[in-house]
Amino acid sequence: MLFCKISQLNTKTFYETINHLAGENIRKTGAVGERVGKGRHTTTSRDLLLLPGGGMVIDNPGIREIGFVRDESSSISAFPDIDALASQCRFSNCTHTCEPGCRVLEAVITGEIPARRLNNYIKLNNELNYTRERHNKSAARVEKERWQHISKKLKNLKHRKNQQ
């Protein structure tokens, strides 16, 4: 038997069903909030639950966001053909959109690679760049908040010193 719980389904009822099938409380259920009338997330890790009758349940926490991560030195391995052509471009920072001497654009014009493939490569690259920028901005924001906290502590120390 296979069943999946979609995020709109009542998780408490779902876990109570799993516990019933297992014959014991193998899944913790949280109380439903009085004010909002909704439960809180209790699943924080993936688990493979073995049921006494030989069945299995995979309990996977909800996914809030799917993103891409790539460090600067790696390439998009799904596009080795474009990566190989990109190494032949006139400019090392070529975006493969309009630069003169772009070997990738030449390959599209000659039919060596489909334009659709290049568009997919550019979309993925844009997504990776956006994710990297967002991550870096978050790190900068954390650093700024840290220094603001230090500054407030210094002001408080100076204020105390002046009161003495």
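This report describes a strand hairpin with its nonpolar surface patch, an aromatic pair, and the surroundings of one histidine. The structure is a predicted model.

**The hairpin and its surface patch**

Strands β1 (47-50) and β2 (56-59) pair in the antiparallel sense over four bridges. Within this pairing, Leu49 has Val57 of β2 as its bridge partner. Five residues lie between the two strands of the hairpin, and Gly54 adopts a positive phi near 100° there.

In a regular strand, side chains alternate between the two faces of the sheet.

Leu50, which is found in strand β1, has a relative accessible area of 64%. Residues over 50% count as exposed, and Leu50 is therefore classed as exposed.

**The aromatic pair**

A search of the whole structure returns one aromatic pair. Its members are Phe79 and Tyr121, in an edge-to-face arrangement with 5.4 Å centre to centre and 85° between the planes. The pair connects distant parts of the chain, since its members are 42 residues apart: Phe79 lies in the loop between β2 and α2 (80-86), and Tyr121 in helix α4 (residues 115-163).

Are the two partners buried or exposed? Phe79 counts as buried at 9% relative accessibility, and Tyr121 is buried as well, with a relative accessible area of 6%.

His96 is found in the loop between α2 and α3 (103-109). With a relative accessible area of 5%, His96 is buried; the cut-off for this class is under 20%. Leaving aside neighbours within four places in sequence, His96 is in contact with Ala86, Cys89, Cys102, Val104, Leu105, Leu118, Tyr121 and Ile122. One of these contacts, Tyr121, is also a member of the aromatic pair with Phe79.

The accessibility values of the residues discussed above are collected here.

| Residue | Relative accessible area | Class |
|---|---|---|
| Leu50 | 64% | exposed |
| Phe79 | 9% | buried |
| Tyr121 | 6% | buried |
| His96 | 5% | buried |

Notes
Residues are numbered from 1 along each chain as its sequence is written. This is a predicted model: local features need pLDDT of at least 70, side-chain atom pairs count only at pLDDT 80 or more; totals for chains, interfaces and linings use all residues. Side-chain values use heavy atoms; hydrogens and water are left out. Buried means under 20% relative accessible area, exposed over 50%, partly exposed in between (1.4 Å probe, protein chains only). Two strands pair if DSSP finds at least two bridges between them. Rings of Phe, Tyr and Trp (its six-membered ring) pair if their centres lie within 6.5 Å; planes under 30 degrees apart count as stacked, over 60 as edge-to-face and the rest as tilted. Contact means heavy atoms within 4.5 Å.
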